[in-house]
Structure formats: C-alpha cells, structure tokens
Amino acid sequence: LRIARLSAREQERLITGAYHLLITLAELPKVRQRQAAGCSQLFAGLLKKFPQYTNIAAVTPQGDIFCSGLPSLSTAPNIADRGYFQEALKQRRLGVSHVRVGRMSGQPNISIAYPSFDLGGAIHAVVSVGLDLSWLNTIAAQAQLPPQATLLAIDDKGTVFVRYC
C-alpha cells in the first residue's frame, strides 16, 4: 500500500511537470510555425536535459509527427489513432495515455499531449512527451522490499512493464 501511494504521488508529480512543459512548448514559435528542423533540434536538446522523457514531439492535427527529439525514422509514424492524442485534440486539453510502447522510442511509457492553439483559437499542432517508467524501479528500490518479494507493474491488458526483484 505504501509503494502504491508513493507511486501515485510520483506519477502525479511527473505528469504535472510534463503538463507545465507542454504548455510552454505549445507557445513556442518553432512549434506554432511548424519549423521541423529547428523544433527537432530544440526537442533533442530538451531530451538530454530531461531524462524522464522517452521523446518530445509535435504533431499536426492529422496526427503526423513533424518534430521529434529522437532521430527521424524514414517515415515518422502517425499517431491519429492514439487515445491521448484524440483526447487533447477533441477536448482541447491535456490528454494522458495508459501505459503503451512508444512508436518512435520503442519504450514503455505514459504519453501526455497538449494542443497548441493559433491566435484565432484553432488547434494547429499538438505537443507530446513520453514519460519514462524507470522511476518505478527507483521507488521499488527505496521501498526496501523483503528478500523474496517481487514488484510487478502491469498495464490494463496484463502486460508487465516493470519488474523489480
């Protein structure tokens, strides 16, 4: 129960931090003007400073990634089918995913997205981050579990995404 409470508080803290970062990124001219090269360079630099993120990206309202902190794939994936993206776009607010494997990072994460509005109030981009789940290992290590104890974190489909022994 103590570990669950610690995990919930830490997840809330990390999501709040990501929310504040996304609000700021959504206002940047490089995002608003869809300057792919400059935006990607900026996001790559931010990824080095914020290791808690698996990627930072900006996406068109159609779901096409035009800016990413990770090196480009030959074809950047479209994320229009992702629930967190649809939530940010349709509800015009923060969208948060369940645990999933990032299409660009290949790592399990929680994806968080926020819309970027033009001066007329229309959404012209969505910025997102993938929240790395390695913080769960840190909490498990600090919990001082008994010698035979194993901590598993599973998603809503039963997939194990963190195991600590």
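## Briefing: sheet, hairpin and cross-links

Helix α3 (residues 36-49) lies across β1 (53-59) and β2, running at about 160° to β1. Contact here means heavy atoms within 4.5 Å; axes are lines fitted to C-alpha atoms, for helices over the stretch in contact, with angles from 0 to 180 degrees between N-to-C directions. Helices (H or I, at least four residues) and strands (E, at least two) are DSSP runs, numbered from the N terminus. Please keep in mind that this is a predicted model, in which local features need pLDDT of at least 70 and side-chain atom pairs count only at pLDDT 80 or more, while totals for chains, interfaces and linings use all residues. Residues are numbered from 1 along each chain as its sequence is written, and side-chain values use heavy atoms, leaving out hydrogens and water.

**The five-stranded sheet**

- Five strands form an open sheet in the order β2-β1-β5-β4-β3, with antiparallel pairing; two strands pair if DSSP finds at least two bridges between them.
- The edges are taken by β2 (65-68) and β3 (95-101), each with a single partner strand, so one side of each has no neighbour in the sheet.
- On average, neighbouring strands of this sheet are turned by 25° against each other, direction ignored.
- Strand β3 runs antiparallel to β4 (residues 108-117), and five bridges join them.
- Look for R100, whose bridge partner in β4 is N109.

**The disulfide**

- The structure holds one disulfide, meaning a pair of cysteine sulfur atoms within 2.5 Å.
- C39 is joined to C67, with an S to S distance of 2.1 Å.
- This pair links distant parts of the chain, 28 residues apart: C39 sits in helix α3 and C67 in strand β2.
- The link of C39 and C67 is left-handed, with -90° about the S-S bond.

**Salt bridges**

- Three salt bridges turn up in a search of the whole structure, each a side-chain nitrogen of Lys or Arg within 4 Å of a carboxyl oxygen of Asp or Glu.
- One of them pairs E10 with R13, their closest N and O atoms being 2.6 Å apart.
- Both E10 and R13 belong to helix α1 (residues 2-26), where they are three residues apart, about one turn of the helix.

- Four bridges join β6 to β7 (residues 160-164), and the two run antiparallel.
- Opposite L152 stands R163 in β7.
- Five residues lie between the strands of this hairpin, where G158 takes a positive phi near 90°.
- I154 has its place in strand β6 (residues 151-154).
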